[in-house]
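Take a walk through this protein, from single side chains to the overall fold. Keep the coordinates open as you read.

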Amino acid sequence: SEGKEILFRTYRWIVMGGSKFNDYGQSRAPRFDACIPLIIQPLLQCISGLAYPIEVKLAALDALGLIKDYYAESLVDHLDTLLGTLANLTHEDVIISEKAISTPIESLEKQTLQNQYSRVIRKLRETIEAVCFIAPDVVFERLIEIIPKLDSTKESPANYKSELALLYGHLGKQHDLSPRVIPELFKLFMDFDSVIVRGAAIKAVGTILEKRSDILPQNMVEMLIVYLTENYVYIHKSAVHTIRNLKTSNIEEAENIAFRLFILDKEYENDIYFRQEILRSLLKIGREYKELIHKFIIPLIVRQCKTGDLDTTENALNEFKFLLPLLEDKYRYIFAREVLKFWGRSGRDRFNDNEYSTRKRLILELFEFPREIIRLNIPILRDSVRSKMKEDPLDALILIYILSYFEFHLEATNLAKEIADAQPQNKRNESIIRVARTIEIAERGEWLLVLESTDEAIKAIEEAYTLEASLHADNENRGPLDFINTLTVANEIADDIT
């Protein structure tokens, strides 16, 4: 293994000396270029050989990866060896999966080895994908010769067949080749003898749709929609990822897809990552149809906002935010309600700058809303303040600023007082108590001005100014005072009085 490592290091030096890198001078580069085709075969032998441990295979693939990235044309003559190596690796993977285990340690070792083999197979397939772009016709001819001979009812050939099916996705991106690829891919798309082959074919269709969203014949589109509710998990999860790239032909087709995605989300309440994938696909399919936004997208977003997982809620609200320009004001009420609830349930990131967080951007969005929407959501805001006032009073004070900005001064006064009263009376909390008191008094001054109690308003502002001046004198961190500047409030009141 150590000798192989030294050998692979030498191979990497050869690649780095070629004309793509010129690590050893431009004059020597042609010599290195001439050596590159000679090292491919030994590398592939190490990858495919049963006698070589997985570490050797991975090291060989690292060296081969450099050739794949910069000298892919050198791999075309080795296509048959690449395909044969892929067949050997998928067979070895099946042998490992069938290996009997008797202890937890053996189970862990087996799982680790399987993960390593999956990585090797993936990297080798990516190497063949590079050849697909250099010589697509050559690869296609080899695939249509090999694939029909593979028996989908047997595990090892089916696994190999599924890896080859994925290559059709990259071949189908070639405009001249796609009319020939689609019929061949359709056969695998309908291969009911193997779930893994069908799933790979669905993924290959998704790869083609990334570039040509309207290329599928109608019978494939209809089957892809059916696969969204297929019993096999691999099939319907693959279909969810693929369907987002499809260009629907009419609203009826889009509604059929949206309905199935909506139902599927309900079935995956505990799979937070897949639920986000479902929402992305639903947005891609339904966004251009306002009727589907109202009927499926908003209800799905609200459903995901109610989940216990905060990442799912944050993702759903962020997608909701981008839909707001397309929607009526009543949906802004729903958005504000869910954002305020989310703010009360979630917390600040303790390790990253919160100024640029999605959470912060969501709350800032509310400042663009009509005042009436905030008024209707004051009970929700009040609950969120109370849920945060002990755990994170600074978070709670940011919500007070929303009330101040929209001139709900009485509510802001009362909640700021609650925040100050809720803090333990000790040195550690002295600063936040003084900040909350300052905001409370400043907001009370605003409220008294609304009531035309000018003298009392001036006294309140003077008191708030004194508190803020003491904070400056102590050179303490102002926190939310960056949001609510008492001196500015005092100046506005003075202007109104005069």
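Is cysteine 132 buried or exposed? This is a predicted model, and in it cysteine 132 is buried, with a relative accessible area of 1%. How many disulfides does the structure hold? The count is zero. A disulfide is a covalent bond between the sulfur atoms of two cysteines.

Now step back to the whole chain. The secondary structure comes to 24 helices and zero strands. The radius of gyration is 32 Å, whereas the globule rule gives 23 Å for 498 residues, so the protein is more spread out than a compact globule. Along the principal axes, the C-alpha atoms fill a box of roughly 95 × 60 × 55 Å. Buried residues make up 51% of the 498 residues. Consider also the contacts with a separation of 6 or more. Of these, 68% are between residues 24 or more positions apart.

Next comes a helix pair. Two packed helices are described by the angle between their axes and the distance between the axes. Helix 16 spans residues 329-345, and helix 19 spans residues 378-388. Their axes come within 8 Å and cross at roughly 10°.

Serine 384 is buried, with a relative accessible area of 4%. Setting aside residues up to four places away in sequence, serine 384 touches Leu340, Lys341, Gly344 and Leu399.

Where is glutamate 129 placed? Glutamate 129 is in helix 5, residues 104-134. Glutamate 129 is buried, with a relative accessible area of 12%. Beyond the residues up to four places away, glutamate 129 touches Leu167 and His170. Histidine 170 is 41 residues from glutamate 129 along the chain, yet their C-alpha atoms are separated by 6.9 Å.

Aspartate 265 is found in helix 12, residues 251-267. Aspartate 265 counts as buried, since its relative accessibility is 0%. Which residues is aspartate 265 in contact with, leaving aside neighbours within four places in sequence? They are Arg275, Ile278, Leu300, Arg303 and Gln304.

Finish in a loop. Glutamate 407 is found between helix 20 (393-405) and helix 21 (409-422). Glutamate 407 is exposed, with a relative accessible area of 54%. The cut-off for exposed is over 50%, so glutamate 407 qualifies. Its backbone deserves a look as well. Phi of glutamate 407 is near 65°, a positive value in a residue other than glycine. Most residues other than glycine have a negative phi.

Definitions and conventions
Residues numbered from 1 in each chain as written. Predicted model: local features only at pLDDT ≥ 70, side-chain atom pairs only at ≥ 80, totals over all residues. Heavy atoms only, no water. Disulfide = S-S within 2.5 Å. Buried < 20%, exposed > 50% of the residue type's maximum accessible area, 1.4 Å probe, protein only. Axes fitted to C-alpha atoms, helices over the stretch in contact; angles between N-to-C directions. Helix = DSSP H or I, 4+ residues; strand = E, 2+ residues; numbered from the N terminus. Rg over C-alpha atoms; globule rule 2.2 N^0.38 Å. Contact = heavy atoms within 4.5 Å.
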